[in-house]
Every structure is written in C-alpha cells, then in structure tokens.
Amino acid sequence: MFILTKLSDLIRLPPHTFNVPIHQALTNEIHKKYSNKIIHNVGLAISIWDIEDIKEGLLRPGDGGSHVEITFRMIVWKPFIGELLEGVVTDCNVEGIKVKLDFFDEIFIRKEMLFENCEFKGVERAWCWKPDDENELFIDLNERIRFRVEEEAFYNIKPRTDNSTTRDPEEDEAQKTNRTPPYAIYASCQAAGTGCVSWWD
Amino acid sequence: MKVLIERDKFLSDYEVLEHLKATQNPKDKKKSKHGGLELEIVSKEIISFLEDRACSQIESPDKFKQLMVFLNQYDLVKIEKLQIMNSLPRSMVHVHAVIEECDQRLNEDSVNSLIDKINELFPLPENDEEDQQQEQQSQ
C-alpha cells in the first residue's frame, strides 16, 4: 500500500543548480536524498508527489549554496497491519520463509505464523503444508505467495564512524549481510486465501 | 527533516503507477536523470512490480471510477475498497481474504456480483482459454 507522507526539510541547493527552475532543482535534490531510502518509523520513500510550500532561501557564511526550507508530500510504501500482499519466495529454512517484492526484500514469515500441520522438509529445503492426510502442498523457492502483514519493525541504523573504512573489508562484508535491516516486515500465512497463489486459483 | 503528517492520504497502486510512468516520460529523460541513481532504481522496480499486479489491468481512470461507484453500494471500510481496487479479486477465496468477516457482512450474491463486475470492467486477456478449458472439462 502506498501512502502520502507530508514532510518538511531544509534542502541545500548547490550553486550550479541556480540556473535551474527552483521546483525542478528542489525535486532533484529531494530525490537524491530520499528515494529508495527508509524513513524511520514511516516506510520506504519512493518519489516526490507534490511540493506544498517553498520558503525563502537562506545563506550561510562560507557556503555558496542556498538553504531552502520546503514542505512536500512523498510517496511512501508502507503496508498496513492486516494487508494482503503477494511476493516471491527467496529462501526457506527451519526458522520460516523469506519473501521479497521487486523493490523490498525484508519480509519474513516465521514458522509459528504458517498454517497448522506445516513441516519443514530438509531434503527439499521447502516448507510443506498438509491440509489433510493425503495432500502435501509445497511452498517452493521462487513461487508466488500471498501473505498477510502482521508486524513491522524499524531499526535505527547509526551513521558509520570514520574508522570503519580502515577495517578489514571481509569483516565489513560479513557485517553487511548479517546486519539488522532498517525496516522489516513480519507476515503470516494461516488463513484461507493465503499461501501459494496457485493453490487458490 | 520533520515528519508533519505520517499518513496524509492513501494512494492506490494505479495512481502510483501513472505518476511514476509520467515522471519517467522519455521526453524528460535528461531531466529525470538529475534525480539520481536511487530514484531510477526504485521507480524501475516499482513499475515492474506494479505492472505485474492487478492495477495494470485498469485501462482508464473512468473504469476505475465505475468500480469505485459500484463498491460504494456495499458497507465496506475505505481500506477494504482500496484493497479491492489494488488486487481486483476474481475468486471467492480472494474476496474473503481481503474483506474481514466477509461471510457475516456480505451475502454470497453480492460477492458474486462483485466478481462479475470486476470481470466485466477489466476482462482478462486469457479468459477465453480458461473458459474453453472449463467447458471441455465439463463436457
């Protein structure tokens, strides 16, 4: 679900953009700053919707840029609790299922949130649902899955300190893969209509 | 940065798709590149995501309005209508999943007429094949 969020910010316009119309210049700067980033406790910012108010630009001693306070509305992706979404399964393990959308990867379905009578098959690396004794329905990798959003979690990532660049690059890489995502969604697959899309058509 | 209103308005998938397509207009290609790489990436991904979803079947704002007017006759919450507009459910299970306590609030006829209306306004291209298959099976 996409929503509009009203934000205000002080944007620095670099001198070389002074010849560009101010709406265009501000839109570009805002896109550079916000697009594809998580706004803490709001959601994933995508693109500007409209500009509501532009104040006079301010100058700072020793800085050629103009600082403009602006009020604008941003398209933000933020699913609400209880929303039904469709994604693609990227990983199955004992803990549960990981799902991604084209633009968002951090969706988890924990094992407690799956249907009753669900079992993880280690050999196939897939979860399997047994609606009755005879049938076995597999949730395989790359399958389209429909799920309900249950919980969202924001994690405030602190700016990196300077000495991090001197660290071992391997360690850095490991940290990148293991770190807590700034925005994660926990979902469930327990009701009729959820689960693999192909089951219900 | 200050968040003034966290949720000012809801947007439907269709509106977002149209907006992003308009900003990616090839005429303005030079302009749009100044928004930076991240904007390019995210709008490309969102467009490909949305084109894969039900909202790409909506051909014109007019048809969108027609379905909305049709939905207004039922006692639905705003968010449920929006979810119907976004996902255009075509099966009983899907409608029941989208609408909370559907069996108590809507009777079977209205769910069926809702699905019929969606099929009428936004016909699926491969519908014919499916029908034929079903006919063959029933024969």
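Modeller: Happy to; here is a walk through the sheet, then the contact, then chain B.

Please keep in mind that this is a predicted model. The sheet is open and has five strands, running in the order S2(A)-S3(A)-S4(A)-S1(A)-S1(B), with antiparallel pairing. Its edges are strand S2 (37-39) of chain A and strand S1 (2-11) of chain B, each of which pairs on one side only. Ignoring direction, neighbouring strands of this sheet are turned by 35° against each other on average.

Now to the place where the sheet passes from one chain to the other. Strand S1 (residues 2-13) of chain A pairs with S1(B) through six bridges, in the antiparallel sense.

The contact as a whole involves 33 residues from chain A and 37 residues from chain B. On the chain A side, at least two residues each come from S1, helix H1 (22-34), strand S3 (43-60) and strand S4 (63-77). S1(A) gives the largest share of that side, eight residues. Sorted by class, the side of chain A that touches chain B holds 15 nonpolar, 11 polar and seven charged residues.

Finally, the partner itself. Chain B has nine helices and one strand, and along the sequence its pattern reads β-α-α-α-α-α-α-α-α-α. Of the 139 residues in chain B, 22% are buried. Among the contacts in chain B with a separation of 6 or more, 59% join residues 24 or more positions apart.

Technical notes. Residues are numbered from 1 along each chain as its sequence is written. Chains are lettered from A and ligands numbered from 1 in the order in which they are written. This is a predicted model: local features need pLDDT of at least 70, side-chain atom pairs count only at pLDDT 80 or more; totals for chains, interfaces and linings use all residues. Two strands pair if DSSP finds at least two bridges between them. Helices (H or I, at least four residues) and strands (E, at least two) are DSSP runs, numbered from the N terminus. Axes are lines fitted to C-alpha atoms, for helices over the stretch in contact, and angles run from 0 to 180 degrees between N-to-C directions. A residue is buried if 20 or more other C-beta atoms lie within 10 Å of its own, exposed if 12 or fewer, and partly exposed in between; C-beta atoms are placed from the backbone. Two residues are in contact if their C-beta atoms, placed from the backbone, lie within 7 Å. Ala, Val, Leu, Ile, Met, Phe, Trp, Tyr, Cys and Pro count as nonpolar, Asp, Glu, Lys and Arg as charged, and the others, Gly among them, as polar.
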